[in-house]
Amino acid sequence: MRNINDLIDKAIELRNRGLRSGEIADELNISRETATWLLTRAKRESGVKAPEDIFVDWSMIGKSSSRLMLIATCMADMVEETLNELDTNVDVVVGVALSGVPLANIVAYQYGVDLAVVHPGKHRYEEGKDQKETKATFSENYSSVRGKRCVIIDDVITTGSTAEETVKLIQDSGGEAVAVAVIIDKKGIESIGSVAVRSLVRVGRVG
């Protein structure tokens, strides 16, 4: 995808495949507001201001298992550095579905710890519905976080809301979130409460 029209076409394609706006946002690594705006543009409606956002396409990494392994290894190294700074350890690596899960699986394997998977609320969000009705949940097929120190792994931070939601879910479930690690941080977040946030690449705007 090279321009805004390509992005609009992709958003339409994903919607036609049955994905909700939150899922489209996740697939395109944009905010839910941007996904909605793209679909609105597709309807040729005027007067809707474009959100301030940056489109990230890391499919050249995702399509290659070897590249994915290398990037996840870099993330594991970054997590190790962060844990040393905090003088703590990790018991469970928590992958945020969808894109964070393969990365989290590799990081968990390298640490020799359990894997937990979170389904973010935005995946079930539908326009016109109360956002409070779409809360994050843990998959029952993976590890519990109760009584365990957790590192959260995702691909991109856009607004930070998914990371915040995941930290809260871990805390509410009796676990302790000690760090969040992502490939790219578009928000420039240093921490979520007392939880450190680290990224391999941080995007910043000038002006």
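Where in the structure is the place of Glu140? In this predicted model, Glu140 sits in the loop that runs between β3 (137–138) and β4 (149–157). With a relative accessible area of 74%, Glu140 is exposed.

Attention can now turn to charged side chains. Ten salt bridges are found when the whole structure is searched. One of them joins Glu13 to Lys10, with 3.4 Å between the closest N and O atoms. Both residues belong to helix α1 (residues 4–16), where Glu13 and Lys10 are three residues apart, about one turn of the helix. Glu13 is partly exposed at 36% relative accessibility, and Lys10 is likewise partly exposed, at 26%.

Arg17 is exposed, its relative accessible area being 55%. Taken together, Lys10, Glu13 and Arg17 form a linked network of salt bridges.

A further salt bridge brings together the side chains of Glu85 and Arg198, at 3.5 Å from N to O. Glu85 lies in helix α5 (residues 65–86) and Arg198 in strand β7 (residues 195–202), so this pair ties together parts that are 113 residues apart in sequence. Glu85 has a relative accessible area of 52% and is therefore exposed, as the cut-off for that class is over 50%. Arg198, by contrast, is partly exposed, with a value of 25%.

Methods. Residues are numbered from 1 along each chain as its sequence is written. This is a predicted model: local features need pLDDT of at least 70, side-chain atom pairs count only at pLDDT 80 or more; totals for chains, interfaces and linings use all residues. Side-chain values use heavy atoms; hydrogens and water are left out. Helices (H or I, at least four residues) and strands (E, at least two) are DSSP runs, numbered from the N terminus. Buried means under 20% relative accessible area, exposed over 50%, partly exposed in between (1.4 Å probe, protein chains only). A salt bridge is a side-chain nitrogen of Lys or Arg within 4 Å of a carboxyl oxygen of Asp or Glu.
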